[in-house]
Amino acid sequence: MEKWVVVVVGKVILEASNLKKEIDASIILEHVSFKIEEHASTAIRGSNGSGKSTLLKLLAGIYEPTSGKLIRNTNRIGYVPEHFPENLRFKLKEYLVSVASFHGISETDMETELSEYISLFGIEPFINTPLKKCSKGTKQKVGILQAILFKPDILLLDEPLTGLDTNSQQNLLAILEKLKTKMTIIFTTHENLLVDNIANQILYVKDGRVLVHTETKSSYRVIKVRFPNKAFLAELELKEIHMEEDLAFITVPIDKSDFLLKELLNRNCSVLEVRERI
Ligand SMILES: Nc1ncnc2c1ncn2[C@@H]1O[C@H](COP(=O)(O)OP(=O)(O)OP(=O)(O)O)[C@@H](O)[C@H]1O
């Protein structure tokens with residue numbers, strides 16, 4: 001009997017082929033190739049100076065590649081820099097209205113939407129505050145807001161959580177979780193919090209190269225455990241378990257894995273490995 005395997009692949013929204021970027025005759029990035037599918041929220045990770053922000057600026061079109069090809073299957077791209085410009089003389093709402101008008105959106109057209117976003121971002125108390133006097137967290141939210149006002153297909157964020165307190169980080173995280181259903185979000189970060197909650201895949205940048213380009217986040221963990229006797233494994237009513245002599249490989253939903261690990265340890269099992277299921 002013939003067997004068919006149907007592979008559903010999302011629309012590719014960004015494709016980099018052998019990108020190279022030199023600045024002042026130094027090679028910052030080279031041999032960079034990857035594809036990003038629509039709605040695949042992507043974290044760009046790597047140590048300081050590895051080239052993350054440079055890669056983001058290439059994707060944004062702020063930098064041109066020295067060589068290689070970058071295909072953007074949309075021209076609606078919003079970019080949020082790491083630092084909000086310091087010397088803007090506008091008040092908060094005034095600034096957003098002027099950005100909208102720059103994109104050809106009239107104040108009346110965007111009034112409802114802007115009010116909704118202002119409320120979602122929790123920045124009503126500051127709408128008439130000069131931006132210079134706003135906190136870093138508020139400015140960060142304004143930075144994101146100015147980028148999403150014109151409904152981009154791709155939102156690029158450089159270190160969006162840096163410098164924010166825990167509360168503001170949680171607020172921003174909740175906002176990004178909502179936005180990721182509407183657009184493809186690509187961000188550089190050093191924060192696990194953001195990667196764990198938002199990213200579907202990760203680009204690792206090391207020494208100017210993208211090393212591992214995708215890592216699908218799994219909602220299951222595989223626990224490899226050595227057990228002293230089989231009886232209690234039956235008690236735990238595990239659905240996905242594979243045994244090899246005195247070893248068991250147990251697959252559990254991530255939200256149940258901590259509870260299971262505790263149970264296994266209480267029963268004197270040796271936990272040898274815990275990994276995400278690919
Ligand atoms: N405009 C520039 N002129 C000269 N060198 C630059 C420029 N922009 C970036 N670089 C160099 O390129 C390298 C990568 O910088 P980039 O800012 O992309 O790193 P990063 O991974 O974002 O770092 P961090 O985590 O510290 O923000 C660094 O060595 C940096 O000094």
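Modeller: Let us begin with domains, whose bounds come from an automatic or database domain assignment. Here the protein chain is divided into domain 1 (9-76 + 152-217), domain 2 (82-150) and domain 3 (220-276). The centres of domain 2 and domain 3, taken over C-alpha atoms, are separated by 50 Å. The C-alpha atoms of the protein chain fill a box of roughly 70 × 45 × 45 Å along the principal axes.

Biologist: What should I know about the origin and numbering of the model?

Modeller: This is a predicted model, in which local features need pLDDT of at least 70 and side-chain atom pairs count only at pLDDT 80 or more, while totals for chains, interfaces and linings use all residues. Residues are numbered from 1 along each chain as its sequence is written.

Biologist: How many helices and strands are there in the protein chain?

Modeller: Helices (H or I, at least four residues) and strands (E, at least two) are DSSP runs, numbered from the N terminus. The protein chain has eight helices and 13 strands.

Biologist: How is strand pairing read, and which strands does β8 join?

Modeller: Two strands pair if DSSP finds at least two bridges between them. Strand β8 (residues 201-206) runs parallel to strand β3 (residues 42-45), with four bridges joining them; Arg45 stands opposite Tyr204 in β8. Strand β9 (residues 209-210) runs antiparallel to β8, with two bridges, and Val205 stands opposite Val210 in β9. The hairpin of β8 and β9 has two residues between the strands, and Asp207 takes a positive phi near 50 degrees there.

Biologist: Why does strand β4 lie largely in the open?

Modeller: A residue is buried if 20 or more other C-beta atoms lie within 10 Å of its own, exposed if 12 or fewer, and partly exposed in between, with C-beta atoms placed from the backbone. Of the six residues of β4 (residues 67-72), the number buried is zero, so the strand lies largely in the open. Strand β4 pairs with strand β1 (residues 12-23) in the antiparallel sense over five bridges, and Arg72 in β4 is the bridge partner of Leu14. In the protein chain, buried residues make up 30% of the 278 residues.

Biologist: Finally, which helix gives the most to the shell around the ligand?

Modeller: A residue is near a molecule if its C-beta atom, placed from the backbone, lies within 6 Å of it. Helix α1 (residues 52-60) gives the most to this shell, with three residues. The residues around the ligand include Asp24, Lys52 and Thr188.
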